[in-house]
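Subject: Structure for you to look at

Dear colleague,

My notes on what was found in it follow below.

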Amino acid sequence: METTAAPLTMPAAPAGVDAARRRRHLIGVAILLVAACVLPFLVGNYRVFQLTLVLAYSIALLGLNMLTGYNGQISLGHGAFYAIGAYTAAILMDKFGMPYWMTIPIAGAVCLIAGFLFGLPALRLEGLYLALATFALGVAMPQILKHKSLEQWTGGVQGIVIVKPEAPEGLGLSQDQWLYFFTLAWVVLMFFIGWNLLRGRIGRAMVAIRDQPVAAQAMGVNTSLYKSLTFGVSALYTGVAGALGSIAIQFVAPDSFTIFLSITLVVGVVVGGLASISGAIYGALFIQFVPNVADQLSKAAPWAIYGVFLLAFMYLMPTGVAGFIRILRARLKR
Amino acid sequence: MKNVFLRSLRGLAASAALAVAAISPNVYAQAAKYGPGASATEIKLGQTMPYSGPASAYGTIGKLHQAYFKMINDNGGINGRKVNLISLDDGYSPPKTVEQVRRLVEQDEVLALFQTLGTPPNSAIHKYVNGKKVPHLLLATGATKWGDPKNFPWTIGFNLSYQSEGEIYAKWLLKNKPAAKVAILYQNDDYGKDVLKGVKDGLGTAGAKMIVKEATYEVTDPTVDSQIIALQGSGADTFINITTPKFGAQAVRKAWDSGWKPLHIINNVSASVGSVLVPAGLDKSVGLITVQYYKDPNDPQWKDDPAMLEWRAFMGRYYREGDPKDASNLYAYITAQTMVQILKQCGNDLTRENVMRQSASLKNFKLPLLLPGMMMNTSATDFFPIQQAQLAKFTGTQWELFGETISTGAQP
């Protein structure tokens with residue numbers, strides 16, 4: 001999972017070294033997975049619930065990182081896709097009685113389409129202009145969800161209460177533990193897909209568009225298609241995360257998805273490390289736990305403390321946690 | 001022979017014990033029983049408050065609660081136990097509320113939740129706390145759905161509910177202006193419909209004829225001018241204004257400027273002088289009617305009221321940074337007093353079941369900061385502590401109480 005965006009100029013490594021590195025990666029991922037499987041048996045249900053949210057956020061951050069880190073497009077409105085995913089799952093469960101596990105792929109598909117369609121016109125805008133367009137989407141989303149014409153589906157300001165899924169019988173897991181493993185399975189799947197996407201030809205094309213759009217186009221990369229598709233896939237990831245998060249929280253309401261959520265996701269991506277797959281996990285840990293720590297330290301100004309944390313992270317680790325770990329590793333090797 | 005003697009002795013002992021139990025307060029009669037979060041030295045309560053985010057102005061309520069329990073603890077606590085209120089920030093964001101409340105219940109293991117604030121945050125945890133059987137007490141929101149003992153036996157609200165408020169306006173109209181032609185403007189969401197239902201229930205069958213026109217607006221609308229014109233056009237002479245502050249100010253202004261000038265009832269949500277009536281124009285607000293159930297710290301008639309002096313002394317000693325003009329601080333004081341009463345009533349049985357039972361057995365409980373004559377009552381089937389209020393009229397500078405206390409619901 002330590003793979004990062006391959007710079008275009010990376011010299012081809014000898015086959016032996018490459019295989020060794022790959023083996024190390026696989027071992028690292030295996031250890032991480034074992035740890036992730038043991039963890040919920042060591043802590044209480046409340047912590048398991050928090051970790052489930054971390055897992056859900058990590059999927060959203062990976063999605064946003066594809067867009068921002070790899071493709072260089074800034075989105076300040078990904079909370080909107082998180083909301084669409086969450087509401088899709090909630091409405092399917094609440095109004096159509098669909099089992100929770102079926103709603104996740106549908107939420108992803110809905111967001112893929114929504115993201116792609118929003119991406120088409122918005123992608124004519126570059127950089128900050130795109131950031132503003134997505135910001136508008138993020139700001140508008142809570143009000144759209146409250147709108148009268150959607151009220152019979154969305155439940156208006158009251159939102160929708162979701163029934164918490166029971167763990168399958170015979171496993172001996174609590175509801176929270178089951179939900180954790182369910183979410184973990186999605187994390188593994190989404191990260192595996194993301195890893196394959198970003199490592200190969202598509203990933204290189206995305207990075208090329210970020211770094212040298214003209215050169216990329218000259219090399220035959222269909223820039224606009226790639227950009228809209230990246231937007232769509234990124235929205236898909238965020239939507240899946242939203243659906244998983246809403247099932248864990250058992251409630252969706254417009255106030256759950258304010259612009260602050262979008263900003264939080266951007267913070268997570270940058271803190272975790274731009275253009276880094278593992279960064280999504282570090283970022284998710286940050287956005288889940290640092291506000292709680294800040295609240296513990298000061299009731300009067302929790303967000304000031306949060307700001308101090310953020311500044312400290314950015315000064316000490318300008319390339320995000322993932323970049324910091326990479327540098328540490330390189331030093332240790334020397 | 002011996003047997004008989006023993007039996008009678010046992011009987012005597014039992015009756016003596018009974019007699020003692022009857023005389024002494026409950027506190028000493030039974031061995032102490034403790035649920036989660038309670039012990040011989042401590043009672044742990046939890047709450048979420050919007051210390052940050054869009055509703056952070058209400059954060060002062062949580063700060064006052066902490067100051068109040070500090071005072072209680074300084075004076076020896078409740079039946080010798082200190083109250084430890086764990087107050088966490090949820091930023092008025094429902095997912096955060098769920099997370100924080102789960103922490104309070106599963107990690108901190110609080111005995112009960114107290115005054116969690118806001119309708120959306122409380123909606124998010126409603127099912128969870130009832131599933132976990134954690135007392136969810138005196139919520140700081142006016143929605144009527146918190147008083148549903150059948151389906152949610154662990155949740156009990158505090159505020160005068162929106163429906164009760166609507167009912168009070170209706171009752172007053174029936175008595176004082178039975179020939180009124182009523183126009184109603186309401187926000188098209190659960191809150192607006194909640195108040196409207198109260199008005200309609202209160203008017204009853206007679207109401208069908210009294211209401212000549214209804215209009216709604218969306219929170220996203222820029223103004224309510226066209227609605228006011230339409231209501232005016234209906235020929236109504238009475239206007240019930242069920243709006244939130246921004247629209248409340250617009251409606252007050254427009255109803256005056258258009259020359260309509262009806263008997264204007266504005267709901268308590270928009271009764272703030274500073275944020276509604278000043279922007280609308282104080283001269284245009286003269287004669288407005290609203291409902292109140294606790295004393296207004298800015299009302300000169302309570303300037304030397306002993307309860308008000310006590311509250312001010314508390315503010316000066318324990319909560320100096322709080323604003324004594326902010327009615328939220330007075331509201332918070334009343335709710336904390338009610339919580340203390342419930343815990344006192346629990347005696348030495350500090351289980352979650354008993355806390356809930358005592359919350360639902362407030363009997364004619366009076367607090368000096370409530371308006372004169374008001375009492376709180378709850379029962380196993382009545383989860384609405386506040387069901388009485390008095391009307392107030394705006395004089396151009398302040399709200400002035402008038403008329404008698406009006407009750408709703410099952411109360412006398």
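In chain A, residues A:F49, A:T52, A:L53, A:A56, A:Y57, A:I59, A:A60, A:L62, A:G63, A:L64, A:M66 and A:L67 of helix α2(A) meet A:T230, A:F231, A:V233, A:S234, A:L236, A:Y237, A:T238, A:V240, A:A241, A:L244, A:G245 and A:A248 of helix α10(A), where two residues are in contact if their C-beta atoms, placed from the backbone, lie within 7 Å. By class, this contact of α2(A) with α10(A) has 18 nonpolar, 6 polar and no charged residues (Ala, Val, Leu, Ile, Met, Phe, Trp, Tyr, Cys and Pro count as nonpolar, Asp, Glu, Lys and Arg as charged, and the others, Gly among them, as polar).

Please keep in mind that this is a predicted model, in which local features need pLDDT of at least 70 and side-chain atom pairs count only at pLDDT 80 or more, while totals for chains, interfaces and linings use all residues. Residues are numbered from 1 along each chain as its sequence is written, and chains are lettered from A and ligands numbered from 1 in the order in which they are written.

The axes of α2 (residues 45-70) and α10 (residues 223-249) of chain A come within 7 Å and cross at roughly 170 degrees (axes are lines fitted to C-alpha atoms, for helices over the stretch in contact, and angles run from 0 to 180 degrees between N-to-C directions). The two helices α2(A) and α10(A) are therefore roughly antiparallel to each other (angles over 145 degrees count as roughly antiparallel, under 35 as roughly parallel, 65 to 115 as roughly perpendicular and the rest as oblique). Helices here are DSSP runs of H or I with at least four residues, and strands are runs of E with at least two, numbered from the N terminus.

A second pair in chain A is α3 (residues 78-96) and α5 (residues 127-146), whose axes come within 8 Å and cross at roughly 30 degrees, which makes α3(A) roughly parallel to α5(A). Their contact has 6 nonpolar, 2 polar and no charged residues.

Between the chains, the contact takes 25 residues from chain B and 23 residues from chain A. On the side of chain B that touches chain A, the largest share, 8 residues, comes from α4(B), and the residues of that side divide into 10 nonpolar, 6 polar and 9 charged.

As for confidence, the mean pLDDT of chain A is 89, and 95% of its residues reach 70 or more (pLDDT is the predictor's confidence in each residue, from 0 to 100). Over residues 1-13 of chain A, however, the pLDDT is below 50. Where pLDDT is low, the predicted coordinates should not be read in detail.

With best wishes
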